[in-house]
Amino acid sequence: MNTQANIVEQIWKEYIFQGNWIKTNNLSRDIINPATGEMISTVQLASLDNVNSSVEIAVEAQKSWKNTSFESRAKILRKAAQFFEENIQTFIDWNVQECGSTLLKAGWEANACIEQLYMASSMPMAAAGEIFPSSISGRTNVWQRVPLGVVGVISPWNFPLLLSIRSIAPALAMGNSVILKPSEFSNVTGGALLAWLFQMSGLPEGNFQVISGESEIGEALVNHPLVNLISFTGSTAVGKKIAESCAKQLKKCVLELGGNNAMIICEDADIDTAVNNAVWGSFLHQGQICMQTGRHLVHRSIADEYIQKLKEKASSLKVGDPSSPETQLGPLINANQHQKVCRMVETAVEQGATLECGGQGDQLFFHPAVVTNISKDNPLFTHEIFGPVAPILIFDDIAEAIEIVNSSKYGLAVAIHTARTAWAYDLAKDIKSGMIHINDQTVNNEYHVPFGGMGESGYGGRFGGPANFDEFSQRQWVSILDKGIQYPL
Ligand code: NAD
C-alpha cells in the first residue's frame, strides 16, 4: 500500500469524514479479513448525532455546489478518476483483503469505477432541457434540470466501490451533495477510501461525507427530512423497508435489489460456450453478485453433456487466498453468509437433490457446487443463493422454461443460449426480466446502458447512461413573459 494510504488509515481509525476528517469518541468497528479471520484495521463509526450534523453540513454545502460551473464540476470528477487511476493498487488491495475479492474481480471493479467517474464528468455539460411553445403570445416555456439537494447513498459489500460510485458520481455531477452509508462489511473499501478519493479530488468540503455504521445509521439517513433522494443497492428485504419509509415521507427512492437469475440453454446451443459462460455467471466472486446465474434451465437433449462439462470445469477452479493471482474463488464474506449457503445446499440434498461436485470448505471457503435433480420449488432453486452454487433443472419445452423463469418474484437478468438469435430476441418480450442477454451469461454491466430489474429486483428507476439524468435531477418548468398579462378576474 502506498504511504499516502497508510497515513489515511491512521486517520479513519479515529476520525469520521464529514467533508473533513472529524475526531470523535464514537465506537469503532474491527475490519476482518474473511480469508484469514485476522483483524486488519478498525474504522471509526458515526453516531446518530453525526447523521444529523452531516445532513446539515450537506444542505449548506450544496447551496454553492449547485451553482458551481459545469466545467468545475466536470474537472473535479475527472480529477477523481485520475486519482483513482494513480492509486488503483490501494483500492484493489483493500477490496481483496476486506471483501474477499479475487485480484481478477477487484481489478475489474477498480477499472469500472474509473470509467464511471469519467462518464459522470461528461454529465454536467450534457444536462439539457427543452423549450415548448405556448398558447399565450409572448411566453416562452422551458423545462430545465435542477438538483434534488441532498442524496443519501446506501450500498452493499459485494461491489463496494462500484455500487457506491455509480450513484455518488452522477449525483455530484448534477449538483447534489451526497452522504454515503457503506455496508458494515466494507467500511474501508466502500467508505473510508471513497472519503479519501473525493477529498483528494478537490470537491468543496461537505458535498461528500461518509457515515459508517449498522442499519440504524442507514435508517436515520432514510428518515431525515432534509435528505431528498435515497439511492439504495442491497437486499429486497431492506429495500422494502426503505420504500415504506420513503413513501410515508413522499421521498424519492431508487432501489436496486436482489435477484435469482436464470440461464436457459436451448437444444441448439453451443454447449462449450454455454458452460464457459455458466461458470462465470454462477461462480464469479463466489456467486455473491445480484446478477449471479442462480438457475440453470437445460434442454433434456443436451443436459447430460452440459452437466458433465460444467461439473468438470467447476471442480477444476482454484479456491483459496484471494490475493494469489491463481485463485479463482476467494472466501464468502462472513460466517452468516457461509452458514446460509451450506444450509441451503444441505437441505436441498436432504430433499432429494444431487450434489454433483463442490460444497462446504474450511473457514469461509465454499467449493463451486453443481446441483442436479432439483425440483422447481426447492428454495435452492427459487431463492437468491449468493454463494457459488449452480442448480440445474431440465426442461422439454421452451414454454415450460419461460413459465419457470417468470415464476420468480425477482426479475433482474436472464440469459438465453441458442443458435436462433432472432427467435430469442422475440422471446425476450415474454420474459419478466429487466435485462436479457442472448448467447451470454447474466452478470453484465455496461455503464452507458440503463441497468435495473423488474418485480422485486428493482424499484423507482435505473442506473447508467441517460437514466442517470432522471435519477439524480428533477425537472422544473419555467415560463417567461417579457411583460405581464391581465387575467379576466
Ligand atoms: P443489505 O440489504 O443487507 O444491506 C445493504 C445496505 O443497507 C448496507 O449498507 C446495510 O447496512 C444497509 N441497511 C440494512 N438495513 C437497513 C435499514 N433498515 N435501513 C437503511 N439501511 C439499511 O444487503 P447486503 O447483504 O449488503 O448486499 C447483498 C444484497 O444486495 C443481495 O440481495 C444482492 O442481490 C443485492 N445487490 C443488488 C444489486 C443490484 O444492482 N440490483 C447489486 C449488488 C447487490
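The model is predicted, and local features need pLDDT of at least 70, side-chain atom pairs count only at pLDDT 80 or more, and totals for chains, interfaces and linings use all residues. Residues are numbered from 1 along each chain as its sequence is written, and side-chain values use heavy atoms, with hydrogens and water left out.

Pockets and cavities are found on a 1 Å grid over the protein atoms alone: a pocket is an open set of points with protein on both sides within 12 Å along at least five of seven lines, a cavity is a set where a 1.4 Å probe fits but cannot get out, and lining residues have an atom within 4 Å of a point. A volume is the space filled by probe spheres set on the points, which are joined across faces, edges and corners.

The largest pocket has a volume of about 1000 Å³. Its lining consists of 39 residues, and those nearest the centre are Trp 157, Phe 232, Gly 234, Ser 235 and Val 238. Helix 9 contributes the most, with six residues; helices (H or I, at least four residues) and strands (E, at least two) are DSSP runs, numbered from the N terminus. Helix 8 (215-223), strand 10 (229-233), helix 9 (236-249) and helix 12 (335-350) each supply at least two lining residues. By class, the lining has 15 nonpolar, 15 polar and nine charged residues, where Ala, Val, Leu, Ile, Met, Phe, Trp, Tyr, Cys and Pro count as nonpolar, Asp, Glu, Lys and Arg as charged, and the others, Gly among them, as polar. Domain 1 (6-257 + 458-477) and domain 2 (261-438) each give at least three residues to this lining; the domain bounds come from an automatic or database assignment.

The second largest pocket has a volume of about 290 Å³. It is lined by 22 residues, with Trp 108, Phe 159, Met 291, Val 443 and Asn 445 closest to its centre. Both domains give residues to the lining of the second largest pocket, so this pocket lies between them. Its lining has 14 nonpolar, five polar and three charged residues.

The ligand is surrounded by 27 residues, the closest being Lys 181, Glu 184, Ser 235, Leu 257 and Glu 384; a residue counts as near if one of its heavy atoms lies within 4 Å. On its own the ligand has 850 Å² of accessible area, of which the protein covers 90% (Shrake-Rupley method, 1.4 Å probe).

The structure also holds four cavities of 30 Å³ or more. In the largest cavity there is about 90 Å³ of space. Among its 15 lining residues, Ile 16, Phe 17, Gln 44, Val 210 and Ser 212 lie nearest the centre. The lining of the largest cavity has eleven nonpolar, four polar and no charged residues.
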